[in-house]
Amino acid sequence: MLPALLTMVGLAAAAGAAAALATRRSNEDQKRLIDEIDALLPQTQCGRCTFSGCRPYASALASGEADIDQCPPGGNATAAALANLLGREPRPVDPRFGAVRAQPLVAWIDESACIGCVKCIQACPVDAIVGASKFMHTVIADQCTGCELCIPPCPVDCIVMRPASA
Amino acid sequence: MAKPGVRGGLRLDAHKERSTAQALRAASSVETLVLPLDQHAGAPAVPLVKPGEQVLRGQPIAEPGGAISAWLHSPASGTVAAIEPRPAPHRLGAPTLSIVVANDGRDERYAQPAPAPFDQLSPEQLREIIGRGGIVGLGGAVFPTAAKLSSAVRGQELRLLLNGAECEPYISCDDMLMRERARDVVFGARVLLHALTAQTCVIAIEDDTPQAAAALEAAIAEAHDQRIQLRQVGSDYPAGGERQLITAVFDVEVPAGGLPADVNTVCLNVGTAAAVAYWIRDAQPLTNRIVTVTGDGVLEQRNLDVRLGTPLAALIYDCGGYTSRMSRLIMGGSMMGQSLPHDGMPVIKATNCIIAASALDLQPRAAEMPCIRCGNCAEVCPATLLPQQLHWYAMGRDLDALEAYGLMDCIECGCCDYVCPSQIPLAERFRDMKPALTERLAARGSAAAARTRFDARTARLEHIESERLAALAKKRQELAKKSS
């Protein structure tokens, strides 16, 4: 009776430990997968995928809540790379999430019209706009990811998207 | 014991003795000198003169247009005839903005500020002054020397490697320089050692240049400088490739994507060292260089000391003109040089050699055939790449695979082309694919930078929010204390 009981308890404890270890390992695997997906994303942080940024989209992809065709800034190359990494069917970017641009665009502020409201500065996810309250703002073109998040908040509509080289 | 050499590589027939038989001579003076503003690596220089202005020999006529850029000096006295686009050899004949100087033949010298003895200057000052001489790497890459020296100094002990291993068949300008002006090379080495606060300098040459070796040994002995030593390496092509030479001499490998400074080495061409000597010792900025004029398509094959801006046609004229066998004009060596459409372009700082090639000089090239996967290319690749695989992936424009197989480590030496039994122009294919991969790597780099900035901003906003909440909680506590 007693040896049987001890065996049962021992086996149950071993199974529990194994399950805990497996969970921890799968968590680590999951995190590594998110990192790998994040590395493929263009880091515009534009939110066009309906998630709040590139990393949230990466975790949604890792957990199967999002599809690979939701990133217009990355374009079809990124969609193909994601399909390859995740073993899903390759597919072009779904136009519902936005148009894929042939040429990268960056934001440009018409400095004569800027009133210095700092709203675009607050909206920029990568701190690529310089300026201060009641002073003219400008975009650091090299740092701009072209996410267009600064355009809707501008009260005087003085921000336009232009080709990166112009 | 075998001398250290390159991995892979080729033993090529040297065609150097044709052009080294005659002593170095100054090229004849010409009436018009054309100086492209973008003849160095980095940002184009910005003109300091206007059309119609008088200039003197050695006068600065353009200043650096950025952190990595170079000064440009007038190679003759005269007037600035124009500042306009002119065909340039480094653009393969496409026009690029150039200063045109009409030579008055009087050679009046510009009064340079009197140089202090170099060992009384601080290394920083000395590097700055070297930059003012318009000195760039004369081995062919024309990278501004002052920028290279400054970026290499990071607090560690450096060693200087002077590259005199002229592995390209046909080119002999460094060989002639070392034979006839070994003292200048050694003086330049001493200046550079001071500018780098380095304690060792190795001058590396190939083992098939006995006259240069003897001249350098004599010059080193005369200088009584224990820090400078001469080393001979095997004369396999491409022994003079920067990475190959560093491995052969110091037995260390420059990491992929890294620079020689990562293995505590600064590598400069011997011609650059001599140019440093002319500037620091004689106050002569870089306005001349030695050019090898060779090939079966020119009557007299020799080395000339040429003013920058001299038309290539004038060099050919100086060497007796073309022969009837002339078929193609090449700037640079026969392995890595590029064909030029005509000879109406000027000598620039990068012009080490002009080959007027006849059919005898050119490797006969039949029609390209499919790769038979013989593997000869992998055996000769000095960067230990697999050219047959790179070729396969280049055909499919598979950038992922090209990156994984090390396309960016290809030095475009052309060894693989040379041995390919199917006549595939491999190096050319690889050169064509590099811009696409570079663009992609840059995009990845800017994505990584955007991620860093985004993370920093998120952390900052969280920090501000937590501070605000903490202040709020503190105030609430104080209010609760007061009311109780």
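Chain A has a radius of gyration of 24 Å, whereas a compact globule of 166 residues would have one near 15 Å; the radius is taken over C-alpha atoms, and the globule rule is 2.2 Å times the number of residues to the power 0.38. This is a predicted model, in which local features need pLDDT of at least 70 and side-chain atom pairs count only at pLDDT 80 or more, while totals for chains, interfaces and linings use all residues. Residues are numbered from 1 along each chain as its sequence is written, and chains are lettered from A in the order in which they are written.

The C-alpha trace of chain A spans about 90 × 35 × 25 Å along its principal axes, and 28% of its 166 residues count as buried, that is, with 20 or more other C-beta atoms, placed from the backbone, within 10 Å of their own. The secondary structure of chain A comprises four helices and four strands, where helices (H or I, at least four residues) and strands (E, at least two) are DSSP runs numbered from the N terminus.

In chain B, six strands form an open sheet of mixed pairing in the order E1-E14-E13-E17-E15-E16, two strands being paired if DSSP finds at least two bridges between them. Strands E1 and E16 of chain B stand at the edges with a single partner strand each, so one side of each is left without a neighbour in the sheet.

| Strand of chain B | Residues |
|---|---|
| E15(B) | residues 326-331 |
| E17(B) | residues 353-358 |

These two strands, E15(B) and E17(B), pair in the antiparallel sense over five bridges, and B:Leu329 stands opposite B:Ala356 in E17(B).

Key. Buried ≥ 20, exposed ≤ 12 C-beta atoms within 10 Å, placed from the backbone.
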